[in-house]
Amino acid sequence: MDTKELLKKVRKIEIKTRRLSDHVFGGEYHSTFKGRGMTFSEVRQYQFGDDVRNIDWNVTARYNEPFVKVFEEERELTMMLMVDVSGSELFGTTNQFKKDVITEISATLAFSALQNNDKVGLILFSDEVELYIPPKKGKSHVLRIIRELLEFTPKSTQTNIAEALKFLMNVMKKKAIVFALSDFIADEYDNTLRIIGNKHDVTGIRVFDEREESIPNLGMVQMQDAETGTLQLVNTQSKKVRTAYGQFHKDKVSYFLDSFTKSGCGVINCRVDESYVKKLLGYFKRRG
């Protein structure tokens, strides 16, 4: 992708997702993820009805009249976007790949954080951490994140969610809002997730295609495993084959739901042909 085309794509995603975050998600995001406490702001003269426990005795003694400390909500939060860039994200049977939907959701969340003056960071992962952008504030930083989501080429096509969670655990010492975006066609991450869920506010956003849930009868079909590159002839006429295909997907979904729920984390399931706007809004409203 040349620079001109990339900038055009970034601008297109910025216009669409910024409008959503400004008009739809800003307030919902703010009320769902509250600040982490109260912080000292200033002192002012005591007024009738003020809590006497907030009197600043040093300033009061200096001016010989009562002054109180004023506190305000400490709003600044840190959002981490953990995005799966493995081969299976380049799957889609409608007009969008899973990767496209994940990019739009990530951009919408990043602009919602920007609107609330929060920091945003990014972890791109396959079966290793491919890229880490430390959390920062500002529009140019959010646009850099969108550029990476659009343009980044991973070294590996495979997935290891536990590896990405361990990396997050090492780099994020303070509590963060974490959105993990993947198709979650993986396992063996529940133990690591439990530890992360105790410290951070984690939500798993599972983006999937309807053709992953079931396979139609199409006769003999050559299929390629997006993560290993293996080609295989599959007889989709066989009921046994279709049942096994559907069961594999069901098992992965059950594991995802169990792992996240038992770890006290949130879940959003979004099919590529569904409105992610409704899914996110519904989730924020339930939590708010």
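Lys8 lies in helix α1, which spans residues 3–32, helices here being DSSP runs of H or I with at least four residues, and strands DSSP runs of E with at least two, both numbered from the N terminus. The model is a predicted one, in which local features need pLDDT of at least 70 and side-chain atom pairs count only at pLDDT 80 or more, whereas totals for chains, interfaces and linings use all residues. Residues are numbered from 1 along each chain as its sequence is written, and side-chain values use heavy atoms, with hydrogens and water left out.

With a relative accessibility of 65%, Lys8 counts as exposed, where exposed denotes over 50% relative accessible area, buried under 20%, and partly exposed the range in between (1.4 Å probe, protein chains only). The areas are derived by the Shrake-Rupley method with a 1.4 Å probe, and for residues only the protein chains shown count as cover. Together with Lys4, Lys9 and Lys12, Lys8 forms a positive surface patch. Such patches consist of residues with over 30% relative accessible area and no salt bridge, like charges being joined within 9 Å and nonpolar side chains (Val, Leu, Ile, Met, Phe, Trp, Tyr) within 5 Å. Lys and Arg count as positive and Asp and Glu as negative, while His and the chain ends are not counted; the place of a charge is taken as NZ of Lys, CZ of Arg, CG of Asp or CD of Glu.

The structure holds 13 salt bridges, each defined as a side-chain nitrogen of Lys or Arg within 4 Å of a carboxyl oxygen of Asp or Glu. Because Glu14 and Arg11 are three residues apart in helix α1, about one helical turn separates them; Arg11 itself is partly exposed, at 45%. Glu14 also forms a salt bridge with Arg18, with 3.9 Å between the closest N and O atoms, and these two residues, four apart in helix α1, are likewise separated by about one helical turn. Arg18 is partly exposed, its relative accessibility being 26%. A network of salt bridges links Arg11, Glu14 and Arg18 with Lys139. Elsewhere, Arg53 is exposed, at 72% relative accessible area, and its salt bridge with Asp51 has closest N and O atoms 2.8 Å apart, Asp51 being partly exposed at 30%.

Strand β4 (residues 119–125) is largely enclosed by the rest of the structure, because six of its seven residues are buried. Strands are regarded as paired if DSSP finds at least two bridges between them. On this basis, β4 pairs in the parallel sense with strand β3 (residues 78–84) over seven bridges, and Leu122 of β4 is the bridge partner of Leu81. Strand β5 (residues 129–136) is joined to β4 by five bridges and runs antiparallel to it, with Val120 standing opposite Lys136; a hairpin of three residues connects β4 to β5.

In a regular strand the side chains alternate between the two faces of the sheet. In strand β10 (residues 266–271), Gly266, Ile268 and Cys270 make up the covered face, while Val267, Asn269 and Arg271 make up the uncovered one. Strand β7 (residues 201–208) pairs with β10 in the parallel sense over six bridges, and Val207 stands opposite Cys270 in β10.
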